[in-house]
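These are my notebook entries on a structure I went through element by element. The sequence and the model come first.

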Amino acid sequence: MTAPAQLLIDGKLAAASGGATYPIVTPATEEVIGAAPAATAGDVGAAVAAARRAFDETAWSTDVGFRIECLRQLHRALVDHGPAMRALTTAEAGAPARLTTGPQYDLPVESLAWVTDLAAGYEWERELGPAAPMGIPTTRHVHREAVGVVAAITPWNFPNQINLAKIGPALAAGNTVVLKPAPDTPWIAAELGRLAAEHTDLPAGVFNVITSPEHVAGAMLTSDPRVDLVSFTGSTATGRAVMASAAGTLKRVFLELGGKSAAVVLDDGDLGAGAGLAAYSVCVHAGQGCALTTRLIVPRARYDEAVAVAARTMQHIKVGDPTDPATVCGPLINSVQRDRVEGYLALARAEGGRFAVGGTRPDFDRGFWAAPTVVAGLDNDARTSREEIFGPVLVVLAHDGDDDAVRIANDSPYGLSGAVTSADPERARAVAKRIRTGTLSVNGGVWFAPDAPFGGYKQSGLGREMGVAGLEEYLETKLIAEAAR
Ligand code: NAD
């Protein structure tokens, strides 16, 4: 069973200091399933103060062995509480149950184990070769050490993945953390806090969780001089605000932002695989994924065929109750998101697009829904083709050969992910190398894994999460030079 949501500040699970809570709504039915603490400004300040104290006054940042032990305890607790956490993820985020044994829960938990092992074997100190800079024989050591207090600010779409991909490496690196989840998914973060408090030896203040219905809790963290690094995942617009706010105290920012990724099918490519996969993946979790390929770019001569394949694929996708193991496309997170998606569907129509399938609201009594939709007839200049919708909407565009496909794929403010399909792997790889994005799939390859760095080019972000790079985002580099005797 899941305990009521509480804040975690300085090692103590507690209500908000003002006693206020706000309702947690399950997006599939709009029922209130719980209440989360509405942290006050004082609570946010107390969490930062606790994290600062734990960093400055305890051995946390220097005792690697103890850190590894604590993270292994946390991993064990997350595995043991898997059934309850998976159910909570489906209830709170509307994540289809079938995803919780993959990227919505089990994979992120596996990633925590992976980064813990990485830290256990990491070269925290290494000697540079002998040298005599300016004629002085010197022994030089490069030390990698924690940055300090990390503010982790996360969105609602893949809450376990993003919470753990931040706090795992941040803590493994020796930082202390204040986690601020999205207003819609406070409980998953609060449960993580509870498991850390009740099942690990993490010292007070090393890990703190703040929940709030107001974005201002996040904004407070980004300008607080006691915070050294902001690790943020969310929209590009908010990422800009975070960067601007962090500039005041010149703190480090690590940003994972939006996307409008392209799935390119070359003229020799299998449309069933390329177009079918793009149509399927854009429906997973109702299209609420930053790295989904939401633009399908196909040879002009095969455009109608590609639209038909995409539409047919979507017609077979199960939309509905996220607890049903057959469901692929669950609800949108809230009414704001539903209105946003419907606004884009109206825009697509106004821009001259036509719906090969979808374009409507599914006929459910309650909850926030959008039907899987294929938009045809637009070019890449349309706003529908350029802006992130964050719903189950695929735009199909035509290309006139490999160069044109690369041009269209790159003609985007974003650069998060993408895919290339071709019968000729070498040709597919050549196209993949020319697309300016952080991850790419060639002929159905899967880039998402604990050891694989993930992140964006251009306005999709700064830095990399997961993999070795994902640990090193949370490290400083210090060189100590000692005169050799
Ligand atoms: P959002 O930007 O609205 O909010 C993200 C987080 O930032 C929330 O916790 C929110 O409370 C907080 N926040 C809002 N305003 C803030 C401010 N001024 N200062 C500090 N914090 C603030 O995003 P969302 O709607 O929760 O999530 C959807 C977006 O996230 C999409 O654009 C999606 O592409 C992006 N996303 C990116 C990745 C990635 O890894 N690149 C992963 C998942 C989601």
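**Entry 1. Two loop residues.** I began with M134, which I located in the loop between strand 5 (125-127) and strand 6 (138-146); helices (H or I, at least four residues) and strands (E, at least two) are DSSP runs, numbered from the N terminus. I note that the model is predicted, that local features need pLDDT of at least 70 and side-chain atom pairs pLDDT 80 or more, while totals for chains, interfaces and linings use all residues. Residues are numbered from 1 along each chain as its sequence is written, and side-chain values use heavy atoms, with hydrogens and water left out.

For M134 I read a phi near 55°, a positive value in a residue other than glycine. M134 counts as exposed because its relative accessibility is 85%; the classes are buried under 20% relative accessible area, exposed over 50% and partly exposed in between (1.4 Å probe, protein chains only). I then looked up N443, in the loop between strand 19 and strand 20 (457-458). Its phi is near 50°, again positive in a residue other than glycine. With 38% relative accessibility, N443 counts as partly exposed.

Entry 2. I traced seven strands in the order 14-15-16-13-12-18-19, forming an open sheet with mixed pairing; two strands pair if DSSP finds at least two bridges between them. Strand 14 (354-357) and strand 19 (441-442) each have a single partner strand and stand at the edges, so one side of each is left without a neighbour in the sheet. Helix 12 (residues 335-350) packs on the sheet, where I found it touching strand 14, strand 15 (373-376) and strand 16 (393-399); contact means heavy atoms within 4.5 Å. The direction of helix 12 makes about 115° with that of strand 14; axes are lines fitted to C-alpha atoms, for helices over the stretch in contact, and angles run from 0 to 180 degrees between N-to-C directions.

**Entry 3. Strand 12.** I followed strand 12 (residues 261-265) to strand 18 (residues 418-421), to which four bridges join it in parallel. V264 has V420 as its bridge partner in strand 18. Four bridges also join strand 12 to strand 13 (residues 293-299), again parallel, and there A263 is partnered by L296. Why is strand 12 largely enclosed by the rest of the structure? Five of its five residues are buried, so the strand is largely enclosed. I checked both faces and found them covered, with S261, A263 and V265 on one side and A262 and V264 on the other.

**Entry 4. H285.** I placed H285 in the loop between helix 10 (271-281) and strand 13. H285 counts as buried, at 0% relative accessibility. Its side chain makes a polar contact with that of Q104, at 3.5 Å; the term covers a pair of N or O atoms within 3.5 Å, where within protein one must be able to donate a hydrogen and the other to accept it, and residues adjacent in sequence count only if both atoms are side-chain atoms. Leaving aside neighbours within four places in sequence, the contacts of H285 include A93, N157, F158 and V328.

**Entry 5. The ligand.** Of the 27 residues around the ligand, I recorded T154, K180, H215, L257 and E388 as coming nearest; a residue is near if one of its heavy atoms lies within 4 Å. A side-chain N or O atom of K180 is 2.7 Å from a ligand oxygen atom. For E388, a side-chain N or O atom is 2.5 Å from an oxygen atom of the ligand.
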